[in-house]
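Biologist: I've got a model open and I'd like to learn how to read it. Can you walk me through a few features?

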Amino acid sequence: MLIKPMVRNSICINAHPLGCAADTERQIEYVRERSASYGRLSGPKAVLVLGCSTGYGLATRIGAAFGFRAPTVGVSYEKEPSETSTGTPGWYNNRAFDAAATAEALPALTLNGDAFSKETKARAIETARELGLKFDLVVYSLASPVRTDPESGEMYRSVIKPIGGPYRGLTVDPFTKELSYAEVQPATQAETAATVKVMGGEDWELWIRALAEAGVLAAGATTVAYSYVGPKLSWPIYREGTIGAAKAHLEATAARLPALAPVGLHAYVSINKALVTRASAVIPVIPLYMSLLFRVMKDRGIHEDCIAQIDRLYRERLYTGAPLQLDEAGRIRLDELEMGQAVQAEVDARIQRVTAENLMELADVEGFRLDFLRAHGFEVEGVDYGAEVSPIGLPLRQARHGAGKRGSGLVAAPEKSSSRAMDASASPPSGLV
Ligand SMILES: NC(=O)c1ccc[n+]([C@@H]2O[C@H](COP(=O)([O-])OP(=O)(O)OC[C@H]3O[C@@H](n4cnc5c(N)ncnc54)[C@H](O)[C@@H]3O)[C@@H](O)[C@H]2O)c1
């Protein structure tokens with residue numbers, strides 16, 4: 001079938017298999033090219049990435065595997081394709097990652113399941129034992145709209161709302177290129193609590209507790225979760241809103257984690273740059289801010305994507321051999337280029353004067369649109385979108401090298417992955433940053 005993007009309300013409900021594979025391979029190539037400079041660095045030895053299939057998590061896994069040749073276990077929750085409908089982008093990304101890892105004999109295993117559940121935690125532990133791994137790096141990169149509490153069975157739904165009063169801010173539709181005001185009513189206390197339950201640190205803590213108790217954390221391991229701060233103009237809807245409350249909880253959790261691992265554990269939150277991922281596109285006002293930011297950063301030659309950010313996380317932060325530089329709140333900062341005074345002043349000035357007439361000159365709305373589509377495998381360079389493709393067809397590399405099977409040199413296990421796939425059309429696959 002011909003696969004064209006189906007976008008509804010900032011959510012793309014399908015994905016292109018070959019485009020996802022090609023974009024995953026592009027990121028792998030980026031890391032391969034730079035890995036010559038990793039020579040003197042001692043990197044991670046065994047890595048668990050929670051939320052490994054798209055955005056920052058995928059980049060994290062690619063950086064560990066192809067930059068440091070570390071065995072990786074990845075966990076994500078993806079919908080499998082059928083003959084008539086596509087899977088989620090992460091499903092294709094994972095297959096492309098697995099195939100590339102297989103081709104290089106890199107130990108890698110991908111689990112498809114709900115990371116919030118006890119069952120998935122048990123599977124990850126069992127996998128580590130089977131592969132003889134003790135993780136020395138665990139990265140928490142989940143972005144989810146819902147979480148079922150593993151004890152009570154209650155489902156919590158996160159919302160992106162201000163707290164205490166309504167929010168009104170200018171935003172842009174990247175497809176129609178129209179400016180409009182987004183208005184969001186304040187969250188109830190229950191909504192704020194639910195958002196903290198989904199996107200706060202509770203599940204990160206449960207993961208670390210489970211891994212430590214099972215003895216699959218290496219002595220002196222590091223765990224990192226990702227967060228965002230952003231400019232003041234976004235704070236009413238982000239940092240000071242429901243999602244900010246969840247991030248504050250996540251950041252506070254980092255301080256509690258070392259006590260859970262008697263073998264020694266370092267826990268950090270890394271504040272990353274704003275980027276278009278499946279999660280971030282749904283936040284009001286952020287598309288306009290990001291479009292302006294991208295124009296300013298690209299004009300200055302300092303724009304980065306997920307893989308460039310994570311490459312720096314490894315090379316310039318975590319594995320330099322020198323003591324880790326943290327901000328006053330104890331966090332790793334990868335957003336220093338975005339938050340630089342000159343960049344923020346320029347973005348601010350542009351926000352004050354943006355109109356329908358000068359929008360395309362001041363802002364990179366087209367760049368935002370392309371990144372959004374690319375996150376779903378569309379508009380990726382080198383892919384023939386006019387060609388018929390089967391939604392369940394093997395990505396190119398996998399077709400070339402053959403699908404990985406468990407036991408054939410520690411490669412991916414797609415066959416064990418399908419039991420609890422989620423419906424891509426039912427929810428914004430990630431929902432929140
Ligand atoms: N995108 C940004 O601008 C940005 C900036 C700074 C920090 N962050 C943070 O980075 C983290 C990752 O966000 P992203 O933008 O890369 O999102 P994303 O949507 O690209 O990735 C989310 C990942 O979580 C996985 N996931 C969601 N629910 C799951 C579940 N129940 N079980 C297992 N896996 C599940 C998805 O499969 C996917 O792999 C978030 O904590 C976000 O706040 C994002």
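Modeller: Start with the strand pairing. β3 and β6 (residues 135–140) pair in the parallel sense over four bridges.

Biologist: Which strand residue stands opposite Leu 48?

Modeller: That's Val 73 in β4. β3 pairs with β4 (residues 72–76) in the parallel sense, over four bridges. Follow the chain and you'll see β3, helix α2 (residues 55–68) and β4 make a right-handed β-α-β unit.

Biologist: And the side chains of β3, which way do they point?

Modeller: Val 47 and Val 49 point one way, Leu 48 and Leu 50 the other, and all of them are buried.

Biologist: How do I read phi?

Modeller: Most residues other than glycine have a negative phi. Ala 105 has a positive one, near 55°. Look for it in the loop between α3 (89–103) and β5 (108–112). Glu 379 is another case, with phi near 60°, in the loop between α12 (365–374) and α13 (396–401).

Biologist: Why does Ala 105 count as exposed?

Modeller: Because it has 12 C-beta neighbours inside 10 Å, and 12 or fewer means exposed. Glu 379 has 17, so it counts as partly exposed.

Biologist: What about confidence?

Modeller: Where pLDDT is low, the predicted coordinates should not be read in detail. Here the protein chain averages a pLDDT of 90, and 90% of the residues score at least 70. Over residues 395–433, though, the pLDDT is below 50; that stretch has 97 contacts in the model beyond near neighbours in sequence.

Key: Residues are numbered from 1 along each chain as its sequence is written. This is a predicted model: local features need pLDDT of at least 70, side-chain atom pairs count only at pLDDT 80 or more; totals for chains, interfaces and linings use all residues. pLDDT is the predictor's confidence in each residue, from 0 to 100. Two residues are in contact if their C-beta atoms, placed from the backbone, lie within 7 Å. Helices (H or I, at least four residues) and strands (E, at least two) are DSSP runs, numbered from the N terminus. A residue is buried if 20 or more other C-beta atoms lie within 10 Å of its own, exposed if 12 or fewer, and partly exposed in between; C-beta atoms are placed from the backbone. Two strands pair if DSSP finds at least two bridges between them. A crossover is right-handed if, with the strands pointing away from the viewer, the path from the first strand over the helix to the second runs clockwise.
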